[in-house]
Amino acid sequence: MIERDDLKAAVGSGLLSEQQAASLISLADSRRGARENLTPGDEPFELFKGFNEIFIVIGLIILSVGWWGVVALALGDEIVDLTRYAIVVAGAGAVLLWLLSEYFVRRRRMVAPAIALSVMFAGNAAFGFLAAMTQPFMIAQNDYSSVPLPLLLATLSLVVYWWRFRVPFAMAMIAVGLFVIAIVFTASRGGAVEDISDLFLLSAGGPFAWITLVLGILVFAVAMIFDMSDPHRVTRRSANGFWLHVVAAPALVNTLALSLLDRDTAGANMILLGVLTLFAIVAIVIDRRSFLIAAIGYIVALAATVLDSDGAAMTVLILGIVLLLLGAFWERIRARILRLMPGFVPLHRLPPSQV
């Protein structure tokens, strides 16, 4: 019997392409009736395949520190006029990161180095475009009108990187980049963020909360497109959906949750629990724990750092109990909910129930 490790070895040796291997795995899984190779009720997740990948990531970090140290030495006193050198420095860094990605991502199919390289590529692109195109004196006067365009170009560069290397984590950074661009653009057009909670309070002045809500819906929709194209969760499309759900959840849930928590009333907390119950049902139906845990985890963080409310503390306690119960009985609960779903829900495009 050919195991998955055999298919990975075949891809690594060039005998099969990644697409061919993924097609074989998908066909085998569908013939066996679902995700037999996963633990029942499990959700695919992978940050690294072995310690060698961590070893390489540490090497990449040290290489990055050394690179910027050499750049600083080369510039010397001219470091204060970095704008003149931004294109050369960032361009050389982009070429180096691209070549490393060709080897570690496309050829070696490594997971952790792919994440590290995508983060470095995004940071390098943002540095280059911001240093070359922004106006420091305008920023010092709280005028951010020169910031959105370089951020947009950096995000588009990351889109090109994702298109070439298909790193799922890069998709999450693209979504985050769009959030940052939208908020900075709005701020440069007259909006103002006086408090961090204004980003999620629908009652706050300015359009920031509505921007996060709308973009959250769009990111969730794209995540579902990826998920529904790979219901057995055996290709990178599923991993793209995973990371997009991690980004979409805080924007979707917390915009509503923090607005309700800010009222500090028993009725608002009950409405919050109802909203979270609805989102929990959605997470269970699409079989995405990542969506639910990202949302609830961020709510807990906001309740602990932004708000001081006895009602919020009780809500957090209830959320912890609910998460434990869902973790223990996820598949049983999901099987019952799926049986109650109306006919228009495309269950054949979602992961099959294991119960």
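**Before you start**

This is a predicted model, in which local features need pLDDT of at least 70 and side-chain atom pairs count only at pLDDT 80 or more, while totals for chains, interfaces and linings use all residues. Residues are numbered from 1 along each chain as its sequence is written, and side-chain values use heavy atoms, with hydrogens and water left out.

**Exercise 1. The overall fold**

Task: Find how many helices and strands the protein chain has, and what share of its residues counts as buried.

Solution: 
- Start with the elements: helices (H or I, at least four residues) and strands (E, at least two) are DSSP runs, numbered from the N terminus.
- The protein chain comes to 13 helices and 0 strands.
- Next, take burial, where buried means under 20% relative accessible area, exposed over 50% and partly exposed in between (1.4 Å probe, protein chains only).
- Of the 355 residues in the protein chain, 44% are buried.

**Exercise 2. Helix α7 and its end**

Solution: 
- The buried residues of α7 include Leu151, Leu158, Tyr161, Trp162 and Phe165.
- Now check the rings around arginine 166: a charge sits over a ring if NZ of Lys or CZ of Arg is within 6 Å of the ring centre and within 35 degrees of the ring normal.
- Arginine 166 lies over the face of tryptophan 162, at 4.7 Å from the ring centre, and its charged end also sits over the ring of tryptophan 163, 4.6 Å from the centre.

**Exercise 3. An aromatic pair**

Task: Decide whether the rings of phenylalanine 220 and phenylalanine 291 are stacked, edge-to-face or tilted.

Solution: 
- Rings of Phe, Tyr and Trp (its six-membered ring) pair if their centres lie within 6.5 Å; planes under 30 degrees apart count as stacked, over 60 as edge-to-face and the rest as tilted.
- By this rule there are 12 aromatic pairs.
- For phenylalanine 220 and phenylalanine 291, the centres are 5.3 Å apart and the planes lie at 50°, so the pair is tilted.
- Phenylalanine 220 belongs to helix α9 (residues 208-228) and phenylalanine 291 to helix α12 (residues 289-305), 71 residues apart.
- Phenylalanine 291 is buried, with a relative accessible area of 1%.

**Exercise 4. Salt bridges**

Solution: 
- A salt bridge is a side-chain nitrogen of Lys or Arg within 4 Å of a carboxyl oxygen of Asp or Glu; the whole structure has 4 of them.
- Arginine 164 pairs with glutamate 102, with the closest N and O atoms 2.9 Å apart.
- Arginine 164 is partly exposed at 34% relative accessible area, and glutamate 102 is partly exposed at 22%.
- Arginine 288 meets aspartate 227 in a salt bridge (2.8 Å, N to O).
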